[in-house]
Each structure stands twice: as structure tokens, then as C-alpha cells.
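User: Please take me through the model below in questions and answers, and give the cut-offs behind each term as it comes up.

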Amino acid sequence: MSKTRIAFIGAGNMAASLIGGLRAQGLEASQIRASDPGAEQRAKIHAEHGIEMFADNAQAIEGADVVVLAVKPQAMKAVCEALKPSLVPEQLVVSIAAGITCASMNNWLGAQPIVRCMPNTPALLRQGVSGLFATAQVTPAQRQQAEQLLSAVGIALWLDNEQQLDAVTAVSGSGPAYFFLLIEAMTAAGEKLGLPRETAAKLTLQTALGAAHMAVSSDVDAAELRRRVTSPAGTTEAAIKSFQANGFEALVEQALGAAAHRSAEMAEQLGN
């Protein structure tokens, strides 16, 4: 990436996180440019990262090797159709917009090399994970560029087929909200058990953080870690048995299935 020139179309939170990650990895401000319709946002990103900002998308992508589409899915069609005359065949297009398929983007942009990505919100803290899918036109060098781009805010994982992005959306794209829901529920339950709310919240948050660190750094899977914490006839076993008796695993499977189905449904609706 030392000589790669990157243009961002849209400079919202996720784009700003990627720009910050790239700058932290050593990319010069002169290698990155971005466009955004909001004058205040353009001024903010320029002040924070020192990159050149544009109101006009076509100006922003001039001379870029990689064009990152970081706009809302509902705006993608109009943005792509307006950009099409300004793109050159060698420019890699990286989309981080949920629910917009490569086929739809090819319809709007022409036969550009496209990498479609599904990042998640912890990318804002450079703790994210992204699923990536590349079309046949993407070269090995461009795959590397896309991987390095998304690795600036976490982990990047390649997928074998585009349909798997619906599963990525269900697992990691929407996944932070599931953990937030569990944190909410555990905090409320701790309060009902007699703890002050602030104490219950701190206990829950630090437990979530510690458990995640243990799972990431361990050489065994989550099931084994759970077994090691669960003493026979102990308090943890009582809680786990209650979870399972109420269909915990089936509920999780059903919820992720609903998210994946909605992802596919949105792709069909937004791609027209």
C-alpha cells in the first residue's frame, strides 16, 4: 500500500475509521482523498487526518487506484451511475455498503473490478472484522490492496462466494448488537438480584471483555472454555442448564437465520 492512492466516496464514521487506520499504518495524507456532500464533515475529516477533501465525487476519484464506496445503501445506485463516466477500467471499487450485490454495482458502474465488504461497527475502534468477496475481474494485487485496506481496522476474511456475505452480516455485521442485548439483560438481572445498577453494569462489561480476550487468546474453542468454567452441580451449571432448557441455541440459530434472510431480501430490494 506504500504507493497506493485511495479515494473515499462518503466520509462518515466508517470511512473516517478506515482513513485513520490507514494513516496509523503509515500511509501519507497525500495518498488519501475523500468526498462528502457536507461542508462541516469535509472540514472535520481534513482537520483530523490532513487529507484533501472534495464536494464532487468525480474529482475525488481522479488518479485513484482504489475507490471506496462508503455511502448509504439507498444512495448507492445514484452515486454509482453518476461516477460511471469518471471511472477507468483499472480502478478497483471497494464497497462497504450493506445489501448491495456485485451484480447490481456492475449494472450501475460497468465491468469494474469490485470487492464487496461487510465490516462491523467495532471497526470504529480498529477492533472490527470484515468479510470480503472479489469479482473475477479483481487481480491478485487488487485483492491484496482490499485486504490491507480493511485490515487497517481489524481482521479481513475472504469468502468463496458472495452469498456467504448474508451469513457474515448475520454473524458479525449485526453481531455486536446481540452482545449489547446480552449486556443489557445481564445488567438488568444483576440489578434485580440486588446489585446497584452501576455495579451490575461494570461487572457485566468487564466480564464480557475478559471472556472475549480469553476466547481470542485461547488455543481451545469456546465450548471447551465453557466446560472448564462449568463445575458439576455448581452455579455456572445451574445457569447454563436454564439457558439450554429454554432453547438458547435454537433461539440464536433462529435469530441469525432471520438476519441472513433479511440481508438477502434487502439486496434484492436495493439492487433494482
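Analyst: When residues are sorted by class, Ala, Val, Leu, Ile, Met, Phe, Trp, Tyr, Cys and Pro count as nonpolar, Asp, Glu, Lys and Arg count as charged, and the others, Gly among them, count as polar. This is a predicted model, in which local features need pLDDT of at least 70 and side-chain atom pairs count only at pLDDT 80 or more, while totals for chains, interfaces and linings use all residues. Residues are numbered from 1 along each chain as its sequence is written, and side-chain values use heavy atoms, with hydrogens and water left out.

User: Which element supplies the largest share of the lining of the second largest pocket?

Analyst: On a 1 Å grid over the protein atoms alone, a pocket is an open set of points with protein on both sides within 12 Å along at least five of seven lines, a cavity is a set of points where a 1.4 Å probe fits but cannot get out, and lining residues have an atom within 4 Å of a point. Helices (H or I, at least four residues) and strands (E, at least two) are DSSP runs numbered from the N terminus. Helix H1 (13-24), H7 and H12 each supply at least two residues of this lining, and the largest share, 4 residues, comes from H12.

User: What volume of space lies in the second largest pocket?

Analyst: Of the 33 residues that line this pocket, Val-71, Lys-72, Pro-73, Ile-96 and Ala-97 are the closest to its centre, and by class the lining has 18 nonpolar, 12 polar and 3 charged residues. Domain 1 and domain 2 each contribute at least three residues to the lining. A volume is the space filled by probe spheres set on grid points, which are joined across faces, edges and corners, and for the second largest pocket the value is about 730 Å³.

User: Which element gives the most to the lining of the largest cavity?

Analyst: The count comes to 1 cavity of 30 Å³ or more, and the space in the largest cavity is about 30 Å³. Its lining is made up of Ala-97, Ala-98, Gly-99, Arg-116, Cys-117, Met-118, Leu-165 and Thr-169, which divide into 5 nonpolar, 2 polar and 1 charged. Two elements give two or more residues to this lining, namely strand E6 (114-118) and helix H7 (164-173), and the one that gives the most, with 3 residues, is E6.

User: Which elements do the buried residues of H7 pack against?

Analyst: Buried means under 20% relative accessible area, exposed means over 50%, and partly exposed lies in between (1.4 Å probe, protein chains only). In H7, the buried residues are Leu-165, Asp-166, Val-168, Thr-169, Ala-170 and Ser-172. With contact taken as heavy atoms within 4.5 Å, these buried residues pack against E6, strand E7 (128-134), helix H8 (175-192) and helix H12 (248-270).

User: Is Glu-147 buried, partly exposed or exposed?

Analyst: Glu-147 lies in helix H6 (residues 140-151) and, not counting residues up to four places away in sequence, touches Leu-132, Ala-156 and Trp-158. The C-alpha atoms of Glu-147 and Leu-132 are separated by 7.9 Å, although the two are 15 residues apart along the chain. Because its relative accessible area is 33%, Glu-147 is partly exposed.

User: What is the phi of Ala-233?

Analyst: Most residues other than glycine have a negative phi. Ala-233 lies in the loop between helix H10 (222-229) and helix H11 (235-245), and counts as exposed because its relative accessibility is 74%. Although Ala-233 is not a glycine, its phi is positive, at about 65°.

Terms used. Domains from an automatic or database assignment.
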